[in-house]
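Let's take a walk through a protein model together.

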Amino acid sequence: MGIFNKQIGWSQESNLLWQVSRQLEKLNCTMCGITGTSGTSGTSGTSGYDGDRYLTSSTSTFELGVSTTLTVEPGLAYSVAQDIIISYDLANHQVCSIVSYDINTGVLVVGPPVTVTGSGTYSQWLVNLDGAAGGNGTSGTNGTSGTSGTSGISIPTASYGLFAQTVDSTPVTATDVETTIVGSGVGTLSVPANAFSIGDSFTCALDGLISCTSSSTIHIRVKTLSGALLADTGVIHLSAATDRPWIMNLYFTIRTLGGTGTASLSSGGLFSYIRNGGTQFEGYNLSTVNTTTFNTTISNTLVVTAQWDSTNVDNSIISRNFVLTKVY
């Protein structure tokens, strides 16, 4: 490698510095490639946020096939209207929707089951989302246009059965004590605390057999287990009947929500029977609006009772069928 020429008019020191710099440029600053010692490692960053959690367990005791309240872990990501699966094992579980979840206490309220597999009462449960939603599918092809018509009404799809009686009730016979006329069955007659919404509507249909003397009276009451009266026939004066059919249809609608004195429920219906020698039902109307004792902030269980005026052994009433349905 040749020595660079001197620059005319420069001092000896300046020329020496200039030559050194030119050589460094020529050599692509190879001296700059000398490796220094490694620096110390930086501190670790903070942990990221936990993701949403749903899988949990519960030791609450309840029977499969009913709406219920159970206690799970606090701090989960559950929200109202999510579908969850409550499972004892592969053969015994149910899918239902969340009515409410308290993130601080872990109290989880669920509505009536959508599906039930198996049966029984247990106190060891696994609880999780019923399944995450999949991604959007591809768009389908456009259909042909239909003919124009009048606007229709959107029909809600909220109707579902809550309870169906499967065993005859115990006969209310030879007693003047107010006694239930509901037999055992499947489903539930209970609505958890704070699970009602304004406009929730229900129908209830019962039928069975009645026997009585011509001077007997009967009093039918429909109420909650806590004592709120929902419908009342009053005292009905009956004609003689021997194992004659009777029916009762009831209707309920939630008007307002809240505690006693604030909540209100409107009820109506018809009780009727066929007397001896008769060919047509003789009916008695029921119509009540309860604004004083009904309470939506507590659990409400439906009860239907009958009360005779005497202990005459010829007085007897039994129910064969009882179906409770949510219609709106």
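**Open and enclosed spaces**

Let's begin with the residues that line the largest pocket: 14 of them are nonpolar, 5 are polar and 2 are charged. Before going further, please keep in mind that this is a predicted model. The pocket has a volume of about 410 Å³, and 21 residues line it. If you want to find its centre on your screen, look for Val99, Gly111, Pro112, Tyr160 and Ala195, the lining residues that lie nearest to it.

Which strands supply at least two residues each to the lining of this pocket? They are strand S5 (92–101), strand S10 (160–165) and strand S14 (190–191). Of the elements that contribute, S5 has the largest share of the lining, with 3 residues.

The model has 1 cavity of 30 Å³ or more. About 180 Å³ of space lies inside the largest cavity. Strand S18 (241–256) and strand S21 (300–308) are the elements that give two or more residues to its lining. S21 gives the most, with 3 residues.

**Two residues with a positive phi**

Next, let's look at the backbone. Asn194 is not a glycine, yet its phi is positive, at about 60 degrees. You can find Asn194 in the loop between S14 and strand S15 (201–212). Is Asn194 buried or exposed? Its relative accessibility is 54%, and the cut-off for exposed is over 50%, so Asn194 counts as exposed.

With a relative accessibility of 53%, Asp243 counts as exposed.

Ser201 is in strand S15. Why does Ser201 count as buried? Its relative accessibility is 12%, and buried means under 20%. The side chain of Ser201 makes a polar contact of 3.0 Å with the side chain of Thr253. A polar atom of the Ser201 side chain also lies 3.0 Å from the backbone oxygen of Gly199. If you leave aside neighbours within four places in sequence, Ser201 is in contact with Phe252, Thr253, Thr325, Lys326, Val327 and Tyr328.

The other serine is Ser216, which sits in the loop between S15 and strand S16 (217–224). Ser216 has a relative accessible area of 3%, so this residue is buried. Which residues does the Ser216 side chain reach through polar contacts? Another, of 2.8 Å, links the side chain of Ser216 to that of Asn315. Not counting residues up to four places away in sequence, Ser216 touches Ile236, His237, Leu238, Trp308, Asp309 and Asn315.

How many disulfides does a search of the whole structure find? The count is 0. Cys204 has a relative accessibility of 1%, so it counts as buried. Cys212 is buried as well, with a relative accessible area of 5%.

**A last stop at Val116**

Let's finish at Val116, which lies in strand S7 (residues 115–117). At 40% relative accessibility, Val116 counts as partly exposed. How does its place in the sequence relate to its place in space? Val116 and Val66 are 50 residues apart in sequence, and their C-alpha atoms are 9.2 Å apart in space. Setting aside neighbours within four places in sequence, Val116 is in contact with Leu64, Gly65, His93 and Gln94.

Technical notes:
Residues numbered from 1 in each chain as written. Predicted model: local features only at pLDDT ≥ 70, side-chain atom pairs only at ≥ 80, totals over all residues. Heavy atoms only, no water. 1 Å grid on protein atoms, 1.4 Å probe; cavity = no way out; pocket = protein on both sides within 12 Å on 5 of 7 lines; lining within 4 Å. Points joined across faces, edges and corners; volume = space filled by probe spheres on them. Helix = DSSP H or I, 4+ residues; strand = E, 2+ residues; numbered from the N terminus. Nonpolar A, V, L, I, M, F, W, Y, C, P; charged D, E, K, R; others polar. Buried < 20%, exposed > 50% of the residue type's maximum accessible area, 1.4 Å probe, protein only. Disulfide = S-S within 2.5 Å. Polar contact = N/O pair within 3.5 Å; in protein donor to acceptor, adjacent residues only side chain to side chain. Contact = heavy atoms within 4.5 Å.
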